[in-house]
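Open the structure in your viewer and keep the sequence panel beside it.

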Amino acid sequence: MKPGLYAWAKMFFWATTAAAPLLIPQAAAAREQIRIVGSSTVYPFATAVAENFGKTTGFRAPVVESTGTGGGLKLFCASIDAASPDIALASRPIHASEAAACAEHGVKDLFEITIGYDGLVIASARRDAPLKLTERQLFQAIAKTVPQGDKWVPNPYRKWSDVDPSLPNEKILVFGPAPNHGTRDSLVDLVMTQACQSFAALKTLDQTQQLKACGAVREDGAFVDVSQNYTITLQKLLMEPHAVGILPFSYLDQNGDKIQAAVFDGQVATYDNIFKGSYPLSRPLFLYVKTEHLHTTAGLKEYIAAFTSEKAWGKDGYLAERGLIALTDEQRRKESAKAQELLARP
């Protein structure tokens, strides 16, 4: 796994939340149904647990909304009110600004659970041969500005073969995650920032200019933001000849008869490669729990227990069948122990 922003964000998160007092609103009324918002990547897994939870317990199935990581955390952090979301799904760690917004609105006791891994997949329809891309080539295809000599210029590449003659002589059309998705942050962290640093021309820019050059995607139609669920990206790939999409691994896993993954930096997105960390676009997935709601929302503790059970998130659990890459045995024991500590709170 590449550390990128993840290690920094994780340190900030625990530094700002570990000592926070448990705060439960005095006038909070009990709610009979769990509300979950956030990552479209984690959405299929949270939904599967919600459906199973509704069928096998005496509690109502939780309501799960796919809003994207950023949108979900904004809703989650906006209020401590009993009607506000109980859980935020995230395909990246919470940002410092988001943790600060939570604290500002009284949400001071967040609890983070790592539930598994995912891999960003560079996918295309099966009608074409799979692409073979490097990190640097993908950056040159989708970045707003690219280096030419010692200058940064608006992206001039219209075809993949313009980037590299070894690539197809076809127009660049990439359907990628919009800024409300945590996958967009992962794309910037795992691909664009890493590739950007390999260009000598980066040294000609100051720090602010570097952040802009490395993180901005093109806006000329070659990169199309998809703000909705990833099923839209999947549909676009099937409709648009030669288009490329950036998707979570679970969508490849569930639709392998329709789409295929590009070879990326010599590695293919498979369960084993992501589990071992050899696939360069691997990333962890998270649940953030509003612990102030543990005693005001019926079934919240039980849902967390269900999600972190071997039956669900284990290597042979039903979430693996949906495409979740399980944590290692040691990591699951550690996260399960954290969850049990949370559930044991009086």
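What follows is a walk through a predicted model, starting with its core.

**Stop 1: the core**

Select Trp-160, Tyr-303 and Leu-319. The largest nonpolar core has 90 residues, and these three touch the most other members. Strand β4 (residues 110-125) gives the largest share of this core, eight residues.

Now keep Leu-319 and show what surrounds it. Beyond its neighbours within four places in sequence, Leu-319 is in contact with Phe-45, Ala-48, Val-49, Phe-307, Ala-312, Trp-313 and Leu-324. Another core, of 13 residues, lies apart from the largest one; Ala-90, Cys-102, Val-107 and Phe-286 are among its residues.

**Stop 2: helices α2 and α12**

Select residues 43-56, which form helix α2, and residues 300-307, which form helix α12. The axes of α2 and α12 come within 10 Å and cross at roughly 115°. Their crossing is right-handed.

Show the side chains where the two helices meet. From α2, the contact takes in Phe-45, Ala-46, Val-49, Ala-50 and Phe-53, and from α12 it takes in Glu-302, Tyr-303, Ala-306 and Phe-307. Sorted by class, the α2 and α12 contact has eight nonpolar residues, no polar ones and one charged.

**Stop 3: helices α12 and α14**

On α12 the contact residues are Lys-301, Ile-304 and Ala-305; on α14 they are Ala-339, Leu-342 and Leu-343. The α12 and α14 contact counts five nonpolar, no polar and one charged residues.

**Stop 4: either side of α12**

Select Thr-297, in the loop between β13 (282-290) and α12. Is Thr-297 buried or exposed? Its relative accessibility is 3%, so Thr-297 counts as buried. Leaving out neighbours within four places in sequence, Thr-297 is in contact with Arg-31, Gln-33, Ile-34 and Asp-86.

Then move to Ser-309, in the loop between α12 and α13 (310-313). Ser-309 has 24% relative accessibility and therefore counts as partly exposed.

**Stop 5: helix α5**

Select residues 135-142, helix α5. Seven of its eight residues are buried, so α5 is largely enclosed by the rest of the structure. The buried residues are Glu-135, Gln-137, Leu-138, Phe-139, Gln-140, Ala-141 and Ile-142.

**Stop 6**

Most residues other than glycine have a negative phi. The last stop shows two with a positive value.

Select His-242, in the loop between α9 (231-239) and β10 (244-248). Its phi is near 70°, a positive value in a residue other than glycine. His-242 counts as partly exposed, at 34% relative accessibility.

Finish with Asp-265, in the loop between β12 (263-264) and α11 (271-276). Phi of Asp-265 is near 50°, again positive in a residue that is not glycine. With a relative accessible area of 36%, Asp-265 is partly exposed.

Key: Residues are numbered from 1 along each chain as its sequence is written. This is a predicted model: local features need pLDDT of at least 70, side-chain atom pairs count only at pLDDT 80 or more; totals for chains, interfaces and linings use all residues. Side-chain values use heavy atoms; hydrogens and water are left out. Axes are lines fitted to C-alpha atoms, for helices over the stretch in contact, and angles run from 0 to 180 degrees between N-to-C directions. Helices (H or I, at least four residues) and strands (E, at least two) are DSSP runs, numbered from the N terminus. Contact means heavy atoms within 4.5 Å. Ala, Val, Leu, Ile, Met, Phe, Trp, Tyr, Cys and Pro count as nonpolar, Asp, Glu, Lys and Arg as charged, and the others, Gly among them, as polar. Buried means under 20% relative accessible area, exposed over 50%, partly exposed in between (1.4 Å probe, protein chains only). A nonpolar core is a set of buried Ala, Val, Leu, Ile, Met, Phe, Trp, Tyr and Cys residues joined through side-chain atoms within 4.5 Å. A crossing is left-handed if the near helix is turned anticlockwise from the far one by less than a right angle, and right-handed if clockwise.
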